[in-house]
Amino acid sequence: MNKTFYITTPIYYVNDIPHIGHAYTTIACDVMSRYMRMRGFDTHFLTGTDEHGQKIQAAAEAKGMTPQELVDKIHVNFKELWKVLNISNDDFIRTTEPRHVRVVQAMFKKLMDQGDIYKGSYEGWYCVPCETYVSESGMGENRTCPDCGRALTMMREESYFFRASKYVPQLIEHYEKNLQGVMPRIRYNEIMSFLRGEVRDQSVSRTTLKWGIPIPGDEKHVVYVWFDALINYATAVGYLDDPETFRKYWPVVRHMVGKDIIRFHCIIWPLMLLALGINVPVSVVAHGWWTVDGEKMSKSKGNVVDPFKMAELYGADAFRYFLLREVPFGSDGDFSEAALVGRINSDLANDLGNLLNRTLQMIVSYAGGAVPQGGENDPLDAKVRALGEATLGLVDKAMETFSYDEALKHIWAFIGRGNKYIDETLPWKLHKEGQKEGQEERLDAVLHTLYEVLRLSALLVAPYIPESAEKLWKQLGLPGSPLTERLDGFRWGGGAGTKVAKAEVLFPRIDLEQWKKERKKERDARTGKLEHGTEPEHEPQIGIEGFRSVEMRVAQILKAEEIPKSKKLYKLEVDLGYEKRTICAGIKPFFKPEELTGKRVVVVANLKPAKLAGVESNGMVLAASMKDAAGTAESLALIAPASDVPLGSRVS
Ligand code: MSP
């Protein structure tokens with residue numbers, strides 16, 4: 001029987017555009033899938049999108065769309081990104097698909113029929129305007145909502161509960177016997193200590209939300225989004241519709257996830273599976289989180305790494321290579337374009353690219369373009385060959401524990417050995433001497449060895465940098481693709497006689513000076529300094545409702561006062577016609593207080609109050625600004641009505 005392997009990414013929420021975090025998990029799964037295929041495994045690789053729940057409903061409302069319209073539109077971004085990044089997934093599941101809805105309902109019903117889902121009531125502090133429960137630890141002062149600041153109400157609603165607690169001892173026993181059930185070890189320990197604490201029964205339905213899968217027979221409830229989402233992994237391999245496929249892939253399933261969602265994957269999901277009488281996953285593999293230039297990634301900081309852009313600027317392969325090489329899998333990592341460029345120049349252009357170029361040129365110049373036969377028993381050649389053969393084993397061992405960076409270190413040590421071998425054998429010298437002293441045979445053996453180093457390297461790097469590996473393969477004059485070769489079928493010496501193709505640059509070196517200039521130009525554009533013809537960064541489109549929800553009105557500044565603690569802020573007293581209020585504005589570097597008194601401006605009147613430098617601000621004054629490369633405002637213009645209108649007039 002064929003060896004099988006099944007790997008999954010989390011399914012991504014479609015309320016957001018894809019970023020480096022999504023790309024990272026998916027690339028890691030792709031590399032593993034490609035590797036396992038090259039090891040002869042019948043591999044199934046699943047990714048997809050998580051399309052139900054409060055977040056999606058809220059995002060749709062904010063955009064003035066129905067949730068279905070939103071998910072139909074946004075999920076495509078993910079599919080497109082996977083194309084750009086050369087992701088070889090075998091399936092893409094959406095939780096709104098009928099095949100999934102059926103499975104969720106069937107599983108829910110089965111658990112209900114066997115008494116593992118029961119009806120109870122859920123009690124907690126609830127924010128009515130935000131429509132969410134807030135935990136005791138997450139609430140603001142005096143039981144207020146951490147998001148909108150309004151008072152929370154104690155709510156009790158009917159809910160279905162999954163009897164998670166019943167299966168905890170069984171899961172603990174399973175993990176005690178299967179240490180690879182959660183990887184790496186630090187996450188295993190975290191899960192075990194959580195499991196040994198109190199695991200409560202889980203609320204698995206909502207009545208406060210419409211956008212979800214209805215509960216069979218009780219349609220005022222929808223299934224809680226996580227209960228729905230986790231099931232995707234079983235849906236996709238035919239839990240309900242295709243038992244044969246399910247039997248083939250389910251027993252070998254591995255889930256890859258970020259460290260933030262391991263409780264769902266290592267506790268709730270396996271408990272659901274145990275209740276359903278299905279095997280728990282072989283492993284849940286958790287990776288760390290990326291920061292960007294040392295900072296947490298966030299939309300408000302504007303430092304979200306766009307994978308489309310990285311692929312466009314540096315190529316998908318370089319981006320893939322960097323993400324997996326830069327940090328040990330499981331640890332957190334820091335992304336910086338400068339580090340990416342560094343790796344492109346040193347590892348890809350220099351180490352791999354140069355080895356290829358030098359070797360091909362020498363095979364053409366010294367051997368007429370065909371790979372010579374190997375020589376006999378030279379100890380140095382034997383050493384290089386032994387390292388190559390050992391590398392296959394070392395890489396395999398690293399991949400078993402998802403240690404991508406280790407695998408790459410071994411591969412690059414071998415590539416480095418190839419470059420060193422050129423320095424040790426000095427083929428150009430052999431060529432010169434060959435004419436006088438009969439060194440031709442030695443030169444042939446050297447070229448043969450170098451070619452084999454490259455042929456094996458092409459196979460080893462193929463899962464990581466598939467596009468470049470195929471180019472490399474072609475230049476080596478080999479037919480087909482390295483991706484469809486078997487790693488365990490590699491035989492040293494098999495390349496003799498091959499006619500090499502034309503050498504081309506695999507990874508162009510990036511000129512650092514030029515690169516710095518271009519990045520600066522781009523930063524300027526992003527921060528507001530627009531050159532003619534440059535496209536600024538845009539926000540996603542909003543519906544008219546989204547726009548209308550911002551209440552802008554004409555106001556007059558009555559007084560501007562300094563705030564002792566703040567270099568940038570003025571405390572403004574403004575008149576809206578129907579009321580006077582205080583607004584803090586970061587405009588001090590640009591105006592003297594007397595220049596502001598009496599000015600008419602436009603303010604956002606329905607902004608939530610916020611404390612700025614100790615002063616409560618009730619709105620925002622609108623201004624247009626030009627920023628420098630560091631993002632600091634260089635000039636600023638207040639926005640005012642072009643002709644007189646009564647104070648309080650609405651701006652629309
Ligand atoms: N929809 C759920 C998963 C359901 S799986 C049954 C979800 N989606 S998500 O889109 O919010 O996040 C998906 C993944 O992105 C998570 O594994 C998360 O760890 C990962 N990342 C989000 N930001 C990240 C970084 N900054 N760095 C690395 N990964 C990060 O959660």
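Author: Two strands count as a pair if DSSP finds at least two bridges between them. The model discussed here is predicted.

Reader: What makes β17 and β18 a pair?

Author: Strand β17, residues 570–575, and β18 are joined by six bridges in the antiparallel sense. The requirement is at least two bridges, so β17 and β18 qualify as a pair. One of the bridge partners is R581 in β18, which stands across from V574. In the hairpin of these strands, four residues lie between β17 and β18, and G577 takes a positive phi near 85°.

Reader: Why is β18 described as mostly covered?

Author: Strand β18 spans residues 580–585, and five of its six residues are buried. For each of those five, buried means a relative accessible area under 20%.

Reader: Why does C584 count as buried?

Author: The relative accessibility of C584 is 7%, and the cut-off is under 20%, so C584 is buried.

Reader: What makes C127 buried?

Author: C127 has a relative accessibility of 0%, which falls under 20%, and therefore C127 counts as buried.

Reader: How many disulfides does a search of the whole structure find?

Author: The search finds zero. A disulfide would need a pair of cysteine sulfur atoms within 2.5 Å.

Reader: Why is G493 called partly exposed?

Author: The relative accessible area of G493 is 25%; the partly exposed class lies between the buried limit of 20% and the exposed limit of 50%, so G493 belongs to that class. G493 sits in the loop between α18 (466–475) and α19 (512–526). From G493 to V453 the distance in space is 9.9 Å, C-alpha to C-alpha, with 40 residues of separation in sequence.

Reader: What makes β3 and β7 edge strands?

Author: The open sheet has six strands in the order β3-β2-β1-β12-β13-β7, and their pairing is parallel. Strands β3 (91–94) and β7 (182–183) each have a single partner strand, so one side of each is without a neighbour in the sheet.

Reader: How do you know that β1 and β12 pair?

Author: Three bridges join these parallel strands, and at least two are required, so β1 and β12 form a pair. Between them, Y6 stands opposite V253 in β12.

Reader: Which residues come nearest to the ligand?

Author: Of the 22 residues around the ligand, the nearest are I11, D50, G258, D260 and W290. A residue belongs to these surroundings if one of its heavy atoms lies within 4 Å.

Reader: Which elements give two or more residues to the shell around the ligand?

Author: They are β1 (4–13), α1 (20–38), α7 (225–230) and β12 (253–258). Strand β1 supplies the largest share, four residues. The shell divides into 13 nonpolar, seven polar and two charged residues.

Reader: How many helices and strands does the protein chain have?

Author: The chain has 21 helices and 25 strands. Of its 652 residues, 50% count as buried.

Technical notes: Residues are numbered from 1 along each chain as its sequence is written. This is a predicted model: local features need pLDDT of at least 70, side-chain atom pairs count only at pLDDT 80 or more; totals for chains, interfaces and linings use all residues. Side-chain values use heavy atoms; hydrogens and water are left out. Buried means under 20% relative accessible area, exposed over 50%, partly exposed in between (1.4 Å probe, protein chains only). Ala, Val, Leu, Ile, Met, Phe, Trp, Tyr, Cys and Pro count as nonpolar, Asp, Glu, Lys and Arg as charged, and the others, Gly among them, as polar.
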